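Hi,

Here's the structure I promised to pass on.

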Amino acid sequence: MVDTATHAVGKVRGMISNLVIVRAEQPVAQNEICYIHIGDERLLGEVIKVEEQDIFVQCYESTRGLKVGNTVEFTGQMLEVKLGPGMLSKTYDGLQNDLNKLDSLFLKRGQTSDALDPGSSWHFTPTAKEGDSVQAGDWLGEVKENSITHRIMVPFKAVGRFTIKSIVADGSYGLEDTIATLINPEGQELTVTMVQYWPIKRAVKLYSEKVRPFSMLETGIRTVDSLNPIMEGGTGFVPGPFGTGKTVLQHAISKQAAADVVIFAACGERANEIVEVFTEFPKLEDPFTGRKLMERTIIIANTSNMPVAAREASVYTAMTIAEYYRTMGLRVLILADSTSRWAQALREMSNRLEELPGPDAFPMDLTAVIANFYSRAGYTYLRNGQTGSITFLGTVSPSGGNLKEPVTEATKKSARCYYALSQKRADQKRYPAVDPVESYSKYLEYPEVRSYLQEHVSMQWVDHINQTKDILIKGQEVRDQINILGDDGVPLDYHLLFWKAELIDFVILQQDAFDKIDAMTPIDRQRFMLELLLDIYEMDFQLETFEDVANYFKRLINQLKQLNYSPYASPEFKTLLDELKTIIDEKRIM
Amino acid sequence: MQYKAFQPIFSKITRINKATCELQSRRASYDELAIVNGRLAQVVKIMGDQVTLQVFSGTDGIPTNAEVVFTGKAPVLQVSDELCGRFFNAYGDPIDNGPEVVGEERVIGGPSVNPTKRKQPSELLATGIGGIDLNNTLVTGQKIPFFADPEQPYNQIMADVALRAKADRIILGGIGLTNDDYLFYKNVFENAGALDRIVSFINTTEDPSIERLLIPDMALTAAEYFAVDKNEKVLVLLTDLTLYCDALSIVSNNMDQIASKDNMPASLYSDLARHYEKAVQFPDGGSITIIAVTTLSGGDITHAIPDNTGYITEGQLFLRRNTDIGATVVDPFRSLSRLKQLVIGKKTREDHPQVMNASVRLYADAMNAKTKLENGFDLSDYDQRCLEFAKEYAKHLLSIDVNIEIETMLDICWDLFAKYFSIEELSVKKELINTYWKGKKREVKADSKADRSD
């Protein structure tokens, strides 16, 4: 990094859209941030390539009106985020400008705003004391940010060991007040405030160990938890053609997941989806703390009409903020919608740089870039023995709904859970349209996950999951048979098998995201329902014709759906359950 | 658009291809307009002293010593209430023999709305068409295209929707319209006496195709004037955006850019999103709703244009010919309105969501039955009832000729439910059955086949 007092100053030499070519006499660094002057506006840019005298800068804003000869001022810094208490509930753009602080209706070029609230004060309680030996990421004290305990840490950029020379007493302090002074063996002093900075493209690795994820992250969504559970600190992705319900699924997870902090990275997607989050989340309750959902949420909004270059930055901004909260020992969940837009932003730029294209004109290093990004998630043990995690769930928007396209393929190599959204299921309005057979959770293969599920859900849980998947596969097979041979061409057992699979589909897999009760199913209710359905699966019924089978199972489905709509273990639930038993007893062969 | 020549004149053109020309200049700024031998052009690339200009009306006949004047500004539109009732070309110049519009000069393709200043759309936009209002309800501030094959009557449907929707202002952006279709719109609007609330920007097939690239920006700049300055509910109609994308690909091809899928530029998603995202609901009541047309080739929605569009817009309305009833219908399976959840059952009757889902599910069962029939299998009694239901459902509700209130649509559904099905087969919440079920109240026994009698 060039980090001397004087930084390079250059002149614009050319431009195509948001790629600006600059010449400068002094040295510049790859990924160094610069400001391109245009009238009294300053446009943010980043060095992405140097070729002899030409410095290629991707500009984060519209270059309309830019001329050859305009001044470019380099900063010596990489693109950084500002970290400190007050980030929760905020809506940022991809470059961490607080959008609520920008007053105008339209986003003006070159406009910026502070990511934190400079005048704010926080009640600080020290947890370390003078004389303690500390290093980057160690906890010095804490403030209360909404419902979470926000640790004030030794700046992540601090190199080497320090001794606490002084630390303030319990009390209220301004965001930028000095709360501690550290000194290293060479006698250099470092003053610590509640604010620090970190470059977004560099992973924060201030933990002692990153372990394999082992504990389930409850989402309340049956097709996830009961069939392909995702683990805390795990990674997953949701590819699906448009209209298959990616966004509804992500919103449901963001509302219901057991996390302390939820970061919503809207990367090149619709603005109205962000509006939905900041309109509804302040009214909705966090199912775990009872506080408002918005209190634990941070939105990074780079909507599809905002400058393309900031799309790439937005996912890194989200990840860096997540790493900051993870280092405090919190459970963070990032939802990125959609990583395909980010890949497209890379493609647009690669195209302007005239790089040799890879498959579908995407840059050759796409797989590496995606793998590198997903690897920043994880379950970590901090140096003080506490744990912190980042669970990452990204959506992919495969072009033409083709799951063999480069972004889906690249992501498949990195993410451990795969939730394939099926056009067919969406067409049949079977939501969430997650394909139960195509999808997988690699975590089910982990012995530590199996023993966790045995302990926390039930001894047979993993067996039940596998049994359920087998039933669904068999159901598909017999459906194909029936379609080929006709209703009369197959034995009655085939119809029974088909309808038993349909029962699981309708009652477990399908879930009404817009119904208050059905939208979220806690894991104990999921266990109850799955066991109930597996019991029914084992039963024999006295039914004469395939039409009888269909009619009878439709009654069962109807009854079980009413059960899904009623509060768990309520009198209403019990009545419906009794009615169900009556219907079963009518036809059951004991 | 009146652009005064106040910059020096350049004349040494070094390269010319179909859409662009290149010349030496040190004065050009990015995106600014220039006039090349009287034709409008825009700066699309600057490299040192080489400036690339995209000539909107094409470069045919441009000499290497053409007169080039830089205007110093990006394309603009004069906005004022005088726009109403008028027809303009892609440059915002009148094509209806009327006077020049006097108003405030606005640069087109302006910045995006701060997402935090938006309001969540919540106002129903009724069209009277069952396939839309019942299954894919529209909301003001939404952006949605019709996906249609070229032979389908999408321009008629757009005109119907425009006149029925309760909008304060309608902006028509005609992109590559045939002259016949242009005259059709003009007649329909005139006959409806609605001309004074309509502003039209028209590029016909007779005009140069690159000029089309300006139409959406012109239409949306006018829309922003009425929605922001006048707090009006504005409906923008853009037809046909596939032709807009074709123009984009011509330009990117002429600039030697590497094409991505289907020969479209790599930036297609951003290029389309830039326009569609202008759809907005403002807190002060003004709104911009965009209804567009994307023509398909043989119903293929995996092509880059409909595919990218689908990811940007809040749903799509898929037009399809239904041979059973001999009419064009809005396909209930492939169509979707993402914002319908904000109004159905809230601004419309409580039973709307469940009635919609149940009827689409039964319609799907009918399609399965049809496949069975085609494969030569016997149909069950249920299959047959589904088929009967589907025919009536398509005729009375899905057909685009239908023009009725939403409550009537719901009542028709309940009538059809009672006519063909039992309560169990509906799988609708009990409370709704208690209020709206029009058939017999008794339970249907699984083994009794005589049940559908009445």
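A term you'll need first: a helix crossing is left-handed if the near helix is turned anticlockwise from the far one by less than a right angle, and right-handed if clockwise. Also, this is a predicted model, where local features need pLDDT of at least 70 and side-chain atom pairs count only at pLDDT 80 or more, while totals for chains, interfaces and linings use all residues. Residues are numbered from 1 along each chain as its sequence is written, with chains lettered from A and ligands numbered from 1 in the order in which they are written.

On to the helices (DSSP runs of H or I, at least four residues; strands are E, at least two; both numbered from the N terminus). The crossing of α10(A) with α11(A) is left-handed. Helix α10 (residues 461–485) of chain A packs against helix α11 (residues 492–509) of chain A at about 130 degrees, and their axes are 8 Å apart. Axes here are lines fitted to C-alpha atoms, for helices over the stretch in contact, and angles run from 0 to 180 degrees between N-to-C directions. So α10(A) is oblique to α11(A) (under 35 degrees is roughly parallel, over 145 roughly antiparallel, 65 to 115 roughly perpendicular, the rest oblique).

Now the interface: 66 residues of chain A are in contact with 59 of chain B (C-beta atoms, placed from the backbone, within 7 Å). On the chain A side, α13(A) gives the largest share, twelve residues. β1(A) also pairs with strand β5 (residues 39–47) of chain B, antiparallel over two bridges (DSSP must find at least two for a pair). There, A:Gly14 sits opposite B:Met47 in β5(B).

Cheers

Note on methods
Contact = placed C-beta atoms within 7 Å.
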